[in-house]
Amino acid sequence: MTGSTLWRNARLATLDPAQGGDGWGLVEHGALLTEGNRIAWVGTIHDLPAQAAPDQEVDLGGALVTPGLVDCHTHLVYGGHRAAEFEQRLQGMSYEAIARAGGGIRSSVAATRAASEDHLLASAAQRAEGLMAEGVTTLEIKSGYGLSLEAEARCLRVARRLGAELPLDVRTTFLGAHTLPPEFEGRADDYIDAICTWLPELQAQGLVDAVDAFCEHIGFTREQTRRVFEAAQCLGLPVKLHAEQLSDQGGAALAASFGALSCDHLEHLSPEGIAAMRAAGTVAVLLPGAYHTLRETRLPPIEALRSAGVPMAVATDHNPGTSPGLSLLLMASMACTLFRLTPLEAVQGITMNAARALGLPDRGQLAAGQRADFVAWRLGHPNELAYWFGHNPCQRVVSNGCERSNPWA
């Protein structure tokens, strides 16, 4: 919608501390005034400023309204699938053993390299629409299944096209340091050299918002990761890290030393890593879908993160191998049941903290000055977002100030 719009007759879960209360920032008989793609005013309808003269009004029918959802960690663009590996793991084969046998990420690399850009776009768009149907308005998409300059650029172009062709804000992350491609077998340092030369070209093409790496004993070492981060830093690009998923490599502390936006997974995170993340303001991104699919037993150190005041986000980690889910609401529920987050923490994790993990302070709450991204739900209280699963209560979605039409809302 253009001009100013009054969205009225709603129960608002603003997540704004200025609204007081228990963290939810609930406003009964609430209304939002938007001007273009920004929220201009939030409050009870009785407190609407007398000078407000909206161009149009929308009755939300008493719905619960929250900020738009943010999925801050996905690998949405890829070819093929890895259902066979799912069976292999059920038969006792470990993720590491599958990877070392040539499966895992490498099998997705082969399928992705063989796929055309249009095919990758069509398949990724279907996945994005599944997330959008549940109220996702901002989505991060990582590369990492091309592992050559041409294929990585193709995947990042697809991500950019999704953001241009769908009513969805897409942020792109270059994850060239995902695994070692077959043509660089035994030459990991040479591959890191190559990645560092690709990065300026990808940035020049406008394809990169952030840089990520997989710091792990089946991925890349701490020093190799440092070189990627140094290259990103020289270009002014923020960094993120797949850290401490399978073992403690000290990756979180390294990433924090570069002011990382986020460290993700974190099942093996150390107290030193937590302290470094706290000092740097780095967000902990929790990925219960991968934890569930891999049947992990070691939990991320939730209580230690909570006690340290490290903000926690929750994401789908959608990928073909270890988290093939397309429901951010299910991940919020799993973050509560598996990781023992509170419903408030889970909802903050898919809104305000997820936005922070992408370096986007202009969304994730309902407050004046924020981007006009919000969702109306057929729910009574926002804690139900982490309670129901296998059911989509999304009623309508406003993204960047415009209401999305079906089939997404």
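Predicted model: local features only at pLDDT ≥ 70, side-chain atom pairs only at ≥ 80, totals over all residues.
Residues are numbered from 1 along each chain as its sequence is written, and side-chain values use heavy atoms, without hydrogens or water. Local features need pLDDT of at least 70 and side-chain atom pairs count only at pLDDT 80 or more, while totals for chains, interfaces and linings use all residues.

**View A. The annotated binding site.** An unreviewed UniProt entry places the feature "binding site" at Tyr145, Asn319 and Gly321. These residues are spread over 177 residues of sequence but cluster in space, with a largest C-alpha distance of 11.5 Å. Tyr145 and Asn319 are among the residues lining the largest cavity. A cavity is a set of points on a 1 Å grid over the protein atoms alone where a 1.4 Å probe fits but cannot get out, and lining residues have an atom within 4 Å of a point. UniProt annotations may be inferred rather than shown by experiment.

View B. Asn319 lies in the loop between strand E12 (312–314) and helix H12 (328–337); strands (at least two residues) and helices (at least four) are DSSP runs numbered from the N terminus. Asn319 counts as buried because its relative accessibility is 4%, buried meaning under 20% relative accessible area (1.4 Å probe, protein chains only). Beyond neighbours within four places in sequence, Asn319 is in contact (heavy atoms within 4.5 Å) with His75, Tyr78, Tyr145 and Pro324. A polar atom of the Asn319 side chain lies 2.8 Å from the backbone oxygen of Asp317.

**View C. Surroundings of Gly321.** Gly321 is placed in the loop between E12 and H12. With a relative accessible area of 3%, Gly321 is buried. Leaving aside neighbours within four places in sequence, Gly321 contacts Arg82, Arg89 and Thr293.

Terms used
1 Å grid on protein atoms, 1.4 Å probe; cavity = no way out; pocket = protein on both sides within 12 Å on 5 of 7 lines; lining within 4 Å. Buried < 20%, exposed > 50% of the residue type's maximum accessible area, 1.4 Å probe, protein only. Polar contact = N/O pair within 3.5 Å; in protein donor to acceptor, adjacent residues only side chain to side chain.
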